[in-house]
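Hello! Here is the structure I promised to pass on to you. Have a look at it first, and then read my notes below.

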Amino acid sequence: MEMEQILTTKITIDGHFQDCQLYSGHLYLWNDQNNLAIYDWNKWMKSLNKVERVVYYEPRSTEYLHSSLADLEPFLEKTLQFNFPILDSAIFKHTLYYSDITGFYAYSLLDPHATKLTLWDEPVQHISVSKNGRIALSAGENGLFEYDATKKWTLQNTAKIPHTGIYLLNASFASSSEWSGNDLIQYGENPLKESFFLTFGKIKKQLHLVSIQPAEPKLQQVGRFIKEFPLPLSLEKQKQNEGQLFSYETKNRKLNQDFQYRSKEIFIKKMPSRLNKSFNQSPQDLSVSETESHLLIRWKMSPFLQLPKVMKWRVYDRSIYYKNQLHLLQDKELTLYIFTLLETS
C-alpha cells in the first residue's frame with residue numbers, strides 16, 4: 001500500500017465554535033452564543049453521499065466540501081442553552097461532562113428532562129477520559145484531580161474533596177493530562193511548569209497512587225510534510241447515479257456504490273508522548289501529533305500531511321458511526337478530515 005491510496009475528504013463548516021464532539025451517531029457543536037446544537041450525524045453523512053463528484057486520478061488528492069450551519073439545519077435534533085462559555089468537554093456512556101468558569105458539571109444525553117448536575121464548584125481546563133471510564137481533571141494552579149464516574153473502585157491514599165467523587169492526585173500545576181493504561185501523564189506548561197508521571201496500583205476494588213515522578217514529555221522528531229491539494233465537491237445533484245462519500249474503487253475507475261464502505265486496513269490515532277507506555281502503534285496507522293507551530297500526520301511512520309496549529313483537535317478512530325476522522329477547531333471554522341484507503345484490486 002502506498003500513500004497515493006489514501007483519499008482525504010475535507011468538510012469545512014463556517015462559524016465560531018467553542019467545542020465539538022462526535023458521539024453515538026450525533027454531532028455536538030457549541031457555538032459562540034453558549035448553545036449546544038445536537039445534529040443527526042448519520043443523516044447528514046447520507047445526504048452528503050449525493051453530492052456531485054468526479055473520479056480522481058491525481059495522487060493524494062483531497063475532496064473538499066464547504067458547508068454552513070444553514071446546511072446542517074435539516075439535521076438539527078435539539079439545542080441546549082448554557083450560561084457560560086465552556087472550557088472543555090467529554091462524553092462517556094451518554095453523559096456529557098463539561099466545565100465552565102463556575103465549575104464542573106454532568107448532563108445526561110438520554111434523559112429528555114435532564115438538567116445539569118453540579119459535580120464540583122471549581123473550573124477545569126482539560127477533561128481526559130480513559131478507556132475504562134476514569135476521568136482526569138486538569139485544573140491549572142489547583143492541580144490534577146480524578147472524578148470517580150464508574151463507581152467500580154475507590155482511590156486510596158489520596159485526598160477526597162468533601163461531598164464529591166473527586167480526588168486530588170497532584171497539587172502541582174496541570175494544564176492537561178493523558179492516560180497510559182491505568183497510569184497518568186500530567187502536563188505542566190512548558191517550559192515554565194514541570195510535568196509528571198503518576199503510577200497507580202490496583203488491589204481488588206481499590207486503586208492506590210503509588211508514585212509521582214517528574215517527567216519531561218518529548219515529541220518525536222518529524223521530517224518534511226506534504227501540503228494538501230484541495231479539489232472541490234459540488235452540492236448540486238449528481239449528473240450520474242454513481243458515487244458515495246468516502247468510497248472509491250480504482251480497478252474499474254468508478255466509485256463504490258456502497259456508502260458504508262470503509263477501509264479496514266488503517267486506523268487514525270493520536271500520537272502520545274514517548275512517556276506513554278501503553279501505546280502500541282501499527283505501521284499502517286495514521287498518527288497525529290502536535291508541535292508548537294503545526295499539526296503533523298504520518299502514515300507508515302513517513303510524513304503525510306502538515307496542517308496549521310489549531311485551537312483544539314480530536315481524533316475519532318472507529319465505531320459503527322464513523323471511521324478515521326480528525327476534527328479541527330479553528331477561530332472561524334470547524335474542519336472535519338475523513339481518511340479512506342482506496343481499493344487496489
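A patch is made of residues with over 30% relative accessible area and no salt bridge, where nonpolar side chains (Val, Leu, Ile, Met, Phe, Trp, Tyr) are joined within 5 Å and like charges within 9 Å. A salt bridge is a side-chain nitrogen of Lys or Arg within 4 Å of a carboxyl oxygen of Asp or Glu. Accessible areas come from the Shrake-Rupley method with a 1.4 Å probe, and for residues only the protein chains shown count as cover.

Please keep in mind that this is a predicted model: local features need pLDDT of at least 70, side-chain atom pairs count only at pLDDT 80 or more, and totals for chains, interfaces and linings use all residues. Residues are numbered from 1 along each chain as its sequence is written, and side-chain values use heavy atoms, with hydrogens and water left out.

Now the surface. F84, L87 and I101 make up a nonpolar patch there, with about 260 Å² of accessible area together. L87 sits in strand β8 (residues 86–92); strands (E, at least two residues) and helices (H or I, at least four) are DSSP runs, numbered from the N terminus. The protein chain has 30 strands and two helices. For the chain, the accessible surface is about 17,200 Å², and carbon and sulfur atoms hold 50% of that.

Of the 345 residues in the protein chain, 52% are buried.

Happy exploring!

Definitions and conventions:
Buried < 20%, exposed > 50% of the residue type's maximum accessible area, 1.4 Å probe, protein only.
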